[in-house]
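Trainee: Could we go through this structure together, one question at a time?
Mentor: Happy to, let's have a look.
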Amino acid sequence: MNTSASPELAMTGISKTFPGVVALDQAHLSARAGEATAVMGANGAGKSTLMNVLGGVTRPDAGSIELCGTRIDIASPRDAASHGIAFVHQELTMLPTLSVAENIFIDDFPSKGGLIDRAAIHARCQIILDRLGCTISPDRIVGELSTGDRQMIEIARAMRREPRVIIFDEPTSSLTQPEKRRLFAVIESLKRDGAIILYITHFLDEIFEICERVSVMRGGRTVGGGSIETFKPVDIVRLMLGEVDVGTRLKAPLDERQKTVLEVRGLARGTALQDINFDLYVGEVVGLWGLLGAGRTELARALVGLDPIDHGTIRWHDGTALRPISPHALHKLTGFVTEDRRGEGLLLPLSVNDNLALPSLKRFLNPWGLLNRKPQAALADTMIDRLGIKVSSREQSAGTLSGGNQQKVVLGRWLATEPRLFILDEPTRGLDVSAKTEILKLTAELARSGATVLLISSEIDELMRICDRYLVMVRGAITAELPGSASHAELMDALSAPVASHMTQRARA
Amino acid sequence: MAHEATMPRLSAGFGRHARSVLILALALGIATYLWFYAPSFYRTNNLINVLVQSSSLAVLCIGMAVVMIGGGIDLSLPANMALSAILGGFYMAAGGSPLIGSVIMLASGTAIGMLNGVAVAYLKMIPFVVTLATMTVLNGLSVWLTNSTSVSGFPESFFDVMLARPWGVPTPVIIVAVAIFLASVLMSSTLLGRHVYAVGISPKAAEVARVPVSRTLLLGYGLAGLCAGLTAILLSARLGSASANMGVDSVVLDIVSAVVVGGVSIYGGVGRIWAAALGAVFITLLSNSLNLLGASFYLSLVIKGVVIIGFIALDTAFRGRR
């Protein structure tokens with residue numbers, strides 16, 4: 001491997017500002033032929049935007065791109081394709097009712113006399129599939145293929161134009177283990193053919209297996225990178241998440257455990273959740289800490305029955321003893337804040353009043369089964385006042401509120417049901433700094449008043465301000481438990497520890 | 001953000017206005033036209049007749065409004081109504097009491113509605129396709145059961161009650177008024193009603209907010225079926241018979257036009273019962289006046305179809321952006 005040669009792909013000084021957001025700030029990326037370069041970064045770090053710039057989807061405000069020593073201008077996806085840049089998408093973009101061959105040639109059917117030349121499609125498709133070592137027939141209907149096979153077809157489509165650069169955007173997120181092995185074999189063969197591979201993933205272990213170089217982004221900048229051999233997993237996590245100013249804690253960690261509220265044993269679903277065991281105690285805020293895609297949201301949704309589970313038991317302390325409870329029944333006792341505030345958290349066209357009261361309506365029924373408006377309005381006013389929700393009136397529609405106020409409505413709705421357990425999934429996502437702090441203060445208050453909170457957040461500084469305990473999730477499993485006093489470094493190490501131990505095991509073997 | 005926040009409210013307001021203005025203009029146009037070309041329309045008796053004629057459509061519209069506010073559609077309502085009328089009609093024609101005959105109609109309508117509800121709510125089938133299929137099945141059953149003839153010979157006491165005019169108001173009009181009132185209260189002031197709106201806006205968000213989504217849908221379709229059963233009573237009393245013809249396809253067109261004109265969103269989550277019922281009066285008026293003006297049945301179909309498209313366009317332009 002010639003490491004001294006100049007990079008075949010060099011993106012320098014790339015900047016892009018969207019209204020109100022700096023997505024890329026002088027970002028750079030270099031990659032070599034015959035190597036895979038991992039592009040790492042937390043959510044919102046700018047890696048997608050950078051890849052979109054390369055793919056011609058987004059026009060940068062500034063910066064230059066050089067491919068094999070010549071400066072190129074990429075104004076459209078078509079330009080990108082003509083320069084030999086191909087994108088293997090994370091979300092499979094196949095047309096399920098068409099054949100493999102038709103999908104691969106969909107945007108450029110070879111024709112003869114104005115009619116599509118099926119024989120040519122079949123033959124050319126077969127050549128590409130052979131090259132990938134793929135045994136799927138070009139005539140198979142894509143809808144009948146497994147996810148892994150579809151991924152192969154997606155790669156075959158990218159291969160059609162003899163690409164020099166191939167971008168893989170989280171290719172393994174829905175693959176089984178054997179499918180992943182096959183994908184890696186294909187990537188290795190592409191490297192041998194001299195392609196420049198850019199590999200985006202949230203899974204640390206993969207990049208140490210398949211990539212030669214790494215480039216880490218944070219806040220729209222490239223914050224580090226180089227040969228993968230010079231990095232340990234924990235270095236990459238630190239670069240991704242940055243040194244944070246934790247600030248003052250909003251709540252001192254609890255020093256002793258109270259009674260158990262919830263006990264989860266052997267909870268599992270497919271590859272998403274594997275043998276999850278944990279307990280939650282009265283009055284504590286437990287941070288579910290992990291990288292995106294670790295299965296945190298999946299766990300939260302499975303607990304309250306919004307997603308199915310394969311097996312496992314949940315027990316709930318009903319005041320006298322721990323008794324088994326179904327996820328559906330647990331939902332009725334839990335304040336559940338979803339990560340998708342606008343899609344699932346609120347009924348946007350309804351008023352703040354109606355949104356706040358929805359799960360508590362039963363309380364306002366008179367003996368005739370009719371809703372009594374006055375106590376409902378009183379509840380809404382109480383919540384608006386207590387949480388400081390800024391509205392013109394309680395009848396304002398929820399869709400017209402700012403993000404922070406919307407989130408307060410979601411919290412207020414559950415507060416009204418007085419649950420003993422809250423599950424908050426990214427409650428501060430998309431909020432400004434002051435709104436974030438307000439939501440965190442509310443969370444701390446919930447715990448102080450005796451409720452238990454399971455908190456999911458990708459922002460480590462937020463967790464560190466209020467958590468009494470951490471459950472660390474990596475790849476669908478809980479891999480460690482840390483006390484509330486855990487340091488920033490300990491939390492970082494916890495994410496990379498399973499990867500590191502996995503690597504040493506492999507090295508020994 | 002501020003821009004984004006104020007836009008939907010403004011456009012929704014404009015949408016409401018555009019709709020009212022359009023309906024008012026159409027109604028005024030029809031009224032003026034009739035004043036000059038068919039003055040007999042304005043006789044008290046004819047006006048009462050229009051109300052009686054609207055009554056059966058209005059009840060079907062209540063049912064359709066409930067289902068559509070919940071985000072679905074029930075195309076089988078007229079077919080359900082016809083079959084229910086035939087079943088109750090058989091009983092009465094054989095000398096059964098009108099009271100039990102009516103109960104049979106209500107029960108059959110509700111049961112068929114619930115069947116649709118199970119298919120949509122628990123088997124997760126697409127409402128449009130399911131109810132289209134149910135419609136065909138029910139129509140077929142009606143024709144098969146009756147050999148395409150009418151079932152008649154109901155007891156006189158049935159007509160004595162249904163065709164009476166206490167205080168000068170025909171019984172059907174009173175029944176419909178009560179039905180509109182009850183359904184409005186149900187939708188605005190009961191748990192089920194509020195849940196129907198929530199499910200219609202977003203089943204996912206409703207589920208997160210602990211709304212029993214499947215049960216709500218099931219009851220919604222059941223309620224629509226109950227309305228079909230009630231219509232069966234009203235219409236078989238007015239016609240003096242029950243037949244498969246009661247549920248011809250054009251009735252579906254009338255229901256959908258009336259409900260959409262009445263401001264129920266085809267996207268779910270929006271609508272009022274009384275407005276949907278008013279839509280039924282409007283559509284009956286439209287049919288009637290087209291009739292008086294000598295327009296053929298086919299021309300009136302064309303005009304009603306255009307009216308639906310116009311109102312759906314309004315719905316889509318101002319409220320459908322979700």
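Mentor: What share of chain B counts as buried? This is a predicted model, in which local features need pLDDT of at least 70 and side-chain atom pairs count only at pLDDT 80 or more, while totals for chains, interfaces and linings use all residues. Residues are numbered from 1 along each chain as its sequence is written, and chains are lettered from A and ligands numbered from 1 in the order in which they are written.

Trainee: A residue is buried if 20 or more other C-beta atoms, placed from the backbone, lie within 10 Å of its own, exposed if 12 or fewer, and partly exposed in between. Of the 322 residues of chain B, the buried share is 48%.

Mentor: What radius of gyration does chain B have?

Trainee: The radius is taken over C-alpha atoms, and the globule rule is 2.2 Å times the number of residues to the power 0.38. For 322 residues a compact globule would come out near 20 Å, and chain B agrees with this, at 20 Å.

Mentor: How far apart are the end C-alpha atoms of helix 10 of chain B?

Trainee: Helices (H or I, at least four residues) and strands (E, at least two) are DSSP runs numbered from the N terminus. The expected span of a helix is 1.5 Å times one less than its number of residues. Helix 10 of chain B covers residues 213–239, and its 27 residues should span 39 Å; the distance between its end C-alpha atoms agrees, at 39 Å.

Mentor: Which residue follows helix 10 of chain B?

Trainee: Helix 10 of chain B is mostly covered, with 22 of its 27 residues buried. After the helix comes a residue with a positive phi, near 75°, and that is B:Gly240.

Mentor: Which helix gives the largest share of the side of chain A that touches chain B?

Trainee: Two residues are in contact if their C-beta atoms, placed from the backbone, lie within 7 Å. By that rule 24 residues of chain A are in contact with 20 residues of chain B. The largest share on the chain A side is three residues, from helix 11 (residues 341–345) of chain A.

Mentor: Now strand 3 of chain A: which strand is joined to it by five bridges?

Trainee: Strand 3 (residues 36–41) of chain A has six of its six residues buried. Two strands pair if DSSP finds at least two bridges between them. Four bridges join strand 3 to strand 10 (residues 196–200) of chain A, running parallel. The parallel partner with five bridges is strand 11 (residues 213–218) of chain A.

Mentor: Why is one side of strand 14 and of strand 17 of chain A left without a neighbour in the sheet?

Trainee: Four strands of chain A form an open, antiparallel sheet in the order 14-13-16-17. Strand 14 (273–281) and strand 17 (322–324) of chain A stand at the edges, so one side of each lacks a neighbour because each has a single partner strand.

Mentor: And what angle does helix 9 of chain A make with strand 14 of chain A?

Trainee: Axes are lines fitted to C-alpha atoms, for helices over the stretch in contact, and angles run from 0 to 180 degrees between N-to-C directions. Helix 9 (residues 296–303) of chain A packs on the sheet, touching strand 13, strand 14 and strand 16 (311–317) of chain A. Its direction makes an angle with that of strand 14 of chain A of about 70°.

Mentor: Last one: how many residues of helix 5 of chain A are buried?

Trainee: What covers its buried residues includes helix 4 (118–131) and helix 6 (177–192) of chain A. Helix 5 of chain A is largely enclosed by the rest of the structure because, of its 13 residues, the buried ones number 10.
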